[in-house]
Amino acid sequence: MKRIGIAGATGLVGETVLRILESGPHKIEDLRLFASARSSGAKMKFRDQEYEVHEVDPIGFQGLDVAFFCLEADLARKLVPQAAKHCPVIDKSSEFRLKPEVPLVVPEVNPESLKGHENIIANPNCTTIPLVVAVNPLHREFGLREIWLASYQSVSGAGKAAVEQLRYETEFVAMKQKPDSKDSPLGPQIADNVIPHIADFDSHGNTGEEAKTIKESARILGLPELKVNSTCVRVPVSVGHALAVSCRFEQVVKAKDAQRVLKHAPGVTLRTGHDYATPVDCRGNDSVFVSRVRQGAGTDELSMWVVTDNLRKGAATNAVQIAELLGKLGVSS
Ligand SMILES: NC(=O)c1ccc[n+]([C@@H]2O[C@H](COP(=O)([O-])OP(=O)(O)OC[C@H]3O[C@@H](n4cnc5c(N)ncnc54)[C@H](OP(=O)(O)O)[C@@H]3O)[C@@H](O)[C@H]2O)c1
């Protein structure tokens with residue numbers, strides 16, 4: 001029996017963690033739910049019982065086996081170290097991902113990096129996770145040199161306000177009216193549009209999201225010199241991130257050999273021939289779907305199409321898997 005806390009339980013990722021725990025084999029005797037003062041007193045259901053949501057307070061994490069933090073980075077910066085004095089914290093924000101003392105973990109790829117953690121474990125970005133789950137088995141077999149990535153990212157990657165914005169704008173566009181996007185969390189209009197801008201630009205001209213995919217994937221794969229070319233694009237889809245990925249390897253690679261490797265790769269569901277997955281297909285699923293594996297421009301290059309549910313394997317499922325690896329959910333040690 002375990003004692004679990006979720007900070008940001010009323011958000012998209014926090015609620016997904018709750019639903020995954022609810023449907024899993026985990027025996028939970030103490031569940032504490034936290035969010036902002038706005039949600040204080042609200043009730044959330046978990047296995048036929050109602051739990052009250054409290055304003056997040058580090059003292060509330062005393063005596064827990066593990067806490068899932070699903071808050072924005074500026075809140076995580078202050079609150080995660082305070083909570084980590086009481087229990088291991090698995091943090092979904094970008095705040096700690098590149099700190100050398102904090103492991104950045106995808107259980108299928110680098111579970112060994114959890115060893116010696118100091119109670120803070122970072123969960124990678126929702127585009128980085130499917131990317132490394134798909135390319136790591138190919139790297140182990142063929143030696144990865146370079147990645148070219150173009151992402152097609154759903155609006156739920158930007159939280160519940162972004163999902164509302166898409167819903168609102170879509171209604172206006174359907175009535176042939178111009179929606180008001182002035183205060184949109186996504187920047188420009190998203191309905192009937194695509195936006196190549198997720199988080200602020202850096203001095204190289206990369207966006208924050210592109211920088212995350214570049215730096216985090218190199219760290220998780222243990223390849224600090226890896227070349228990653230990334231363009232991240234927001235598309236008018238509610239849930240499910242899609243990635244067009246091309247890779248260059250240290251040796252000649254045939255598509256059929258890559259498929260042989262991917263067929264048995266942990267966390268991967270491979271589709272072959274003309275069968276491919278879309279965001280609609282992957283919703284509610286914990287797999288990273290890989291399809292359209294084919295020869296690239298060179299004999300040492302491959303291209304593929306990678307899709308995952310950003311709220312599950314891209315966020316909550318990965319965090320729950322980390323807690324399982326830590327032996328904090330009573331299902332493994
Ligand atoms: N969405 C994704 O696909 C995804 C994937 C990977 C990583 N992430 C990261 O995960 C984190 C959560 O994302 P999300 O999509 O779940 O966001 P979200 O839907 O906007 O939810 C945000 C959560 O934070 C709470 N919160 C807001 N202000 C607060 C405050 N001042 N004090 C305490 N709690 C506060 C909200 O509570 P109220 O309901 O009370 O406002 C809500 O529970 C972010 O760091 C995000 O970058 C998200």
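This is a predicted model: local features need pLDDT of at least 70, side-chain atom pairs count only at pLDDT 80 or more; totals for chains, interfaces and linings use all residues.

Residues are numbered from 1 along each chain as its sequence is written, and side-chain values use heavy atoms, with hydrogens and water left out.

The domain assignment, which is automatic or from a database, gives domain 1 as 2-124 + 315-325 and domain 2 as 128-154 + 194-309. Their centres, taken over C-alpha atoms, lie 26 Å apart, and the contact (heavy atoms within 4.5 Å) takes 17 residues from domain 1 and 14 residues from domain 2. About 1300 Å² is buried between the two domains, with carbon and sulfur atoms giving 65%; this is the accessible area (1.4 Å probe) lost on putting the two parts together, summed over both. On the side of domain 1, Leu 98, Glu 108 and Val 109 lose the most area to domain 2, together 40% of what that side buries.

Between the domains there is one salt bridge, a term that requires a side-chain nitrogen of Lys or Arg within 4 Å of a carboxyl oxygen of Asp or Glu. The side chains of Glu 216 and Arg 97 meet in a salt bridge at 3.0 Å, N to O.

Strand β10 (residues 241-249; a DSSP run of E, at least two residues) has seven of its nine residues buried, that is, under 20% relative accessible area with a 1.4 Å probe, protein chains only. Strands pair if DSSP finds at least two bridges between them. Eight bridges join β10 to the antiparallel strand β8 (residues 144-153), where Tyr 152 has Ala 242 of β10 as its bridge partner. Eight bridges also join β10 to strand β13 (residues 301-308), again antiparallel, and there Cys 247 is partnered by Leu 302 of β13.

Conventions
Buried means under 20% relative accessible area, exposed over 50%, partly exposed in between (1.4 Å probe, protein chains only). Helices (H or I, at least four residues) and strands (E, at least two) are DSSP runs, numbered from the N terminus.
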